[in-house]
Every structure is written in structure tokens, then in C-alpha cells.
Amino acid sequence: MPMPTQPFADPAAARPPRAAVIDLGSNSVRLVVFEGKARNPVTIFNEKAVVRLGRGLEQTGRLNPDGVVQAVVLMRRFHAVARSMGADPFEVLATAAVRDASNGPDFVDELRRIMPGVPIRILSGEEEADYSATGVLCGLPEADGVVADIGGGSLELVRLADGTKQQAQTLKLGVIRLNDRAEGDLERARTLVEQDLMSVDWLKQGTGRTLYLVGGAFRALARLQIARTFYPLNIVHQYELREDEAREMTGWVIGASRRTLERLPGAPRKRLEDLPWAAIVLRRLLRRAAPARVVFCVDGLREGWFMRHVAPEAMSQEPMEAAARDMAATLGRNALLPPALIAWTQALVQYGLPSDGGPSSETARQKRLRVCACWMSDSGAFDHPEYRAEQTFLRVLRQPGMAFDHPTRAYLALTLAMRYEAELDQPFLQSARRLLDDDSFRRAEILGLALRLAYTLCAGVPELLEGTSLVPQSGRLVLRLAPDRGDFTGESVSRRLERLAQAIGLQPEIATA
């Protein structure tokens with residue numbers, strides 16, 4: 001007799017909400033589909049094509065005919081993809097080329113015909129700048145300095161002061177438009193950029209602060225710099241350079257031949273012709289704004305749209321901890337354990353973690369890192385035990401998303417690798433050595449060893465951690481156990497306490513209170 005069958009559940013019934021936005025730029029067209037309403041937008045689809053709608057706009061006042069043809073075909077495809085993925089809201093944001101072209105309205109009318117019911121917004125320069133700044137603030141809520149978002153048709157500048165948006169201005173310094181205005185002459189382009197930037201009188205307020213670089217052409221510069229310097233992490237987002245390093249990079253790009261650029265691994269071939277113009281803009285920005293450093297940001301207009309229209313309530317969350325909690329919810333076994341670990345490791349800091357021969361306090365940033373590490377500490381639970389340390393290390397180091405700068409990635413990755421019994425001489429840890437200073441490396445090692453001991457004590461169950469504490473005192477690292485926890489003093493506990501004490505420079509001791 002055949003067994004009764006249960007109908008398959010509708011996958012869409014339990015699926016998180018999805019949202020889609022098309023960025024219709026002067027140089028490229030991109031569709032991004034986000035899932036959920038998390039503090040750190042989760043991208044599940046991202047596709048772009050370079051169509052150069054804005055090429056020739058300076059001379060003709062009209063959109064590039066070839067680009068229009070390509071864009072219409074592409075928009076049909078993107079419309080079908082977004083609708084089939086159930087994205088709602090779904091919106092098109094058109095920027096400089098469409099808003100400035102005489103035939104921009106006709107082009108938009110054609111798009112509305114082939115994409116019925118999809119809102120198509122032609123952003124003003126101020127709106128474009130505002131979205132870009134919101135995208136930067138999504139991952140860097142305390143950003144302070146100047147945001148520079150370069151596209152094909154325009155350059156948006158926004159001044160940020162302690163995480164709030166101040167002045168904004170749009171200039172006709174997108175890479176395609178600058179090329180057209182200068183008629184292909186780099187020397188003339190320098191003059192044009194200098195003249196336009198002189199009109200932004202508040203740029204000098206960025207002196208000594210940070211210049212946040214957004215836009216495909218700036219990202220392409222970062223990719224080249226990562227390749228030519230053998231940087232240990234091939235992630236553009238929150239890649240950072242000192243001002244002098246950024247200035248040297250722009251000089252190299254301006255003077256390099258196309259063949260030299262093409263030979264670098266991962267060179268963005270479709271962007272190569274744009275790079276000298278982007279480098280000129282950046283070089284003049286460095287001179288005019290005089291920042292202490294530059295930070296490349298992948299998140300800009302599209303993420304700003306997401307945060308303002310899809311998840312505005314999430315902006316109040318701290319992005320690093322939100323990302324760590326998301327990882328705990330996805331990969332961890334017990335959502336109640338991380339708070340217990342935070343309290344348990346706090347005791348270690350409270351009594352002074354020796355550093356350079358004496359006790360040291362925990363800064364606000366160090367506390368944030370410790371809290372994130374505790375939330376993420378079980379993220380390798382379902383990996384193969386033979387590869388758990390390495391897999392967890394690489395997962396954290398290379399995870400997508402906006403929350404973590406590169407040293408933070410390395411710190412958390414190293415901490416969790418140590419939690420899963422990595423040895424410090426293992427080759428996969430070399431990237432962390434390059435990205436961290438000695439003090440940060442040591443702190444990550446110690447925190448990882450403390451988490452390893454905690455998990456040995458409690459087996460991932462918060463109730464079993466109760467009644468235990470770790471106390472550095474008088475040259476000893478004392479593991480205190482409640483009277484009914486004496487049977488916890490097995491060989492594994494003793495060995496891991498000894499390893500942790502050795503790393504701190506103390507003698508291990510187990511005591512029953």
C-alpha cells in the first residue's frame with residue numbers, strides 16, 4: 001500500500017521579503033536584489049553591464065544611441081529577474097546622464113512602457129549625493145570627513161560630521177563627462193577638475209579627516225592597488241590608504257600604460273579607460289581636501305536607497321554587532337550562550353589583562369570586538385572538525401557585507417580560529433599577521449583561547465557556564481568553580497587553562513569556591 005505523501009511547502013511562504021533597485025547610471029546599469037531588512041543589507045543578486053549612456057552627452061546633449069539600445073535590452077532582462085524573484089519594492093533610480101540629456105524624458109517613457117508598474121525616479125544631484133552618503137553611513141555610522149561618489153556623468157560630494165550629513169554638491173566630473181569635456185586630454189582634465197573643485201568652498205573642512213570613495217571607477221583603482229601591492233585581502237570595501245599612499249597610487253595609474261594595467265591580476269578591463277580620469281579627480285581631491293586617509297566604500301547609492309526605503313528602522317542598530325548577531329542566528333547552536341560568554345570574558349578584562357608587563361584597560365573598540373567575537377564564536381559548529389579552524393577563519397575574514405573594516409575582519413577571524421584550536425604557525429593565519437599590529441594579534445589570540453576554554457567547560461550550554469569564572473590575580477590565572485562543579489576539572493579543562501595562562505604570562509590554577 002503506497003504511503004501517503006505530504007505536499008511540498010511553498011518556499012515563498014517563509015521567504016524573507018525582497019527588494020530590488022536598478023541603478024541607471026551614466027556609465028553602467030546595475031540590478032541589485034536585497035533579501036530581508038537587516039542592518040547590513042544582504043545582497044542575493046547583483047549584476048551590471050557597462051553601456052555608457054552618457055558618452056558624447058557633453059557634445060550632443062543627448063544620450064548615447066548605442067547605449068540606449070543596450071540599456072533597453074538590459075532593462076527588459078532586469079525587469080524579468082526582479083519580478084521572478086518576488087522583489088517588492090522594486091524601483092529604478094536614474095542619475096546624471098538621464099537627468100541632463102534632452103532625450104532623457106523620452107528614454108524614461110520607453111522604460112515605463114516595457115516595465116509597467118515599476119517606479120522610475122530621475123534623481124537630482126542633491127538626492128544622488130544624499131543616497132550615497134546614507135549608504136556610507138550604513139556601514140560607518142560615525143563617518144567624519146567627505147564622501148566622494150564618482151559616476152560616469154557626475155561627482156557627488158558630501159561633507160559628513162560625526163555621522164551626520166552637512167553640505168553637498170554635484171560637479172560634472174564623472175569619468176565619461178570629464179573625458180568628453182577635456183576632449184581626451186589629461187592635462188586639460190587636470191585644469192577642469194581644479195577649477196570645479198575650487199567652487200566647493202567647504203572641501204577644506206575635510207583636512208585631516210577621511211575621504212570616503214564611492215563609485216565603480218574608484219573601486220577599480222582600489223582593485224589595482226590591492227593587486228600591485230600584494231595586499232593580503234582582496235576585498236575593496238573599507239580598504240584603507242594613507243593620503244601619501246593614495247597620492248602615489250594616482251600618479252602611478254596616470255603614468256601607467258594600458259598594457260601595464262591589463263597585466264595586473266583581476267584588472268577590471270571594462271573600467272581601464274576610465275581609470276586615468278578617476279585618478280586625476282582623486283589626486284586633485286587629495287590636494288584640495290587634504291585628508292589623513294582614504295577609505296573605499298562599496299556601499300553607496302543602492303544601499304542608501306535600501307536603508308531609507310526598506311529598512312530605515314534598522315539604522316539605529318550598531319552595524320558590527322548586528323552583523324555578528326546575524327551570523328550567530330544563522331550558524332550558531334544556542335542564541336542564549338553569547339550573552340553568557342560576554343559576561344564571562346568581561347571578568348578577564350575587569351581584573352586586568354596584562355600587556356607589556358602591566359595591566360591594561362579595554363577600549364570601547366576592543367570591547368566591541370570582544371562582544372562581536374562572543375556572538376560569532378559558534379559559527380563553525382557545523383563545519384568538518386578537521387577543517388573547522390581554517391574554514392571559520394576564512395569565513396569571517398572574507399564574508400560579504402559592510403560592517404567590518406579589514407583589521408576587524410582579521411581580529412575576529414583569528415579569535416575564532418584560536419577558539420577552534422588553530423596553531424599560530426599555520427599558514428592560513430599569515431594574512432591576519434599582516435593586517436594586525438602585535439598588540440591586536442595577541443589580544444585576539446588570548447580571547448580565542450579564553451573562548452576555547454569556555455566551550456570546553458560548558459559544551460555550548462550556558463547553564464554549565466554558571467558558577468565558573470576566570471580571574472587573573474597575583475601572577476596566577478585562577479579558574480574558579482562552584483562546589484558542585486568540581487567534576488569539571490578534567491584533562492581538557494586543565495590543558496586549555498594552562499595554554500591560556502601561558503599566553504597571558506600567568507600560572508594556571510583551579511579553585512573551588
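Which residues does L178 touch, not counting residues up to four places away in sequence? They are L173, A189, L192, V193, W277 and V281, where contact means heavy atoms within 4.5 Å.

## Basis of the report

This is a predicted model, in which local features need pLDDT of at least 70 and side-chain atom pairs count only at pLDDT 80 or more, while totals for chains, interfaces and linings use all residues. Residues are numbered from 1 along each chain as its sequence is written, and side-chain values use heavy atoms, with hydrogens and water left out.

L178 belongs to helix 6 (residues 175-181); helices (H or I, at least four residues) and strands (E, at least two) are DSSP runs, numbered from the N terminus. L178 counts as buried because its relative accessibility is 0%, buried being under 20% relative accessible area (1.4 Å probe, protein chains only). Its C-alpha atom is separated by 8.1 Å from that of L192, 14 residues apart along the chain.

## Largest cavity

Four cavities of 30 Å³ or more are present. A cavity is a set of points on a 1 Å grid over the protein atoms alone where a 1.4 Å probe fits but cannot get out, and lining residues have an atom within 4 Å of a point. Grid points are joined across faces, edges and corners, and a volume is the space filled by probe spheres set on the points.

The largest cavity holds about 350 Å³ of space. Its lining has 28 residues, and D23, D149, I150, G151 and R302 lie nearest the centre. Strand 2 (28-35), strand 6 (145-150), helix 8 (216-228) and helix 12 (301-309) each supply at least two lining residues.

Definitions and conventions
On a 1 Å grid over the protein atoms alone, a cavity is a set of points where a 1.4 Å probe fits but cannot get out, and a pocket is an open set with protein on both sides within 12 Å along at least five of seven lines; lining residues have an atom within 4 Å of a point. Buried means under 20% relative accessible area, exposed over 50%, partly exposed in between (1.4 Å probe, protein chains only).
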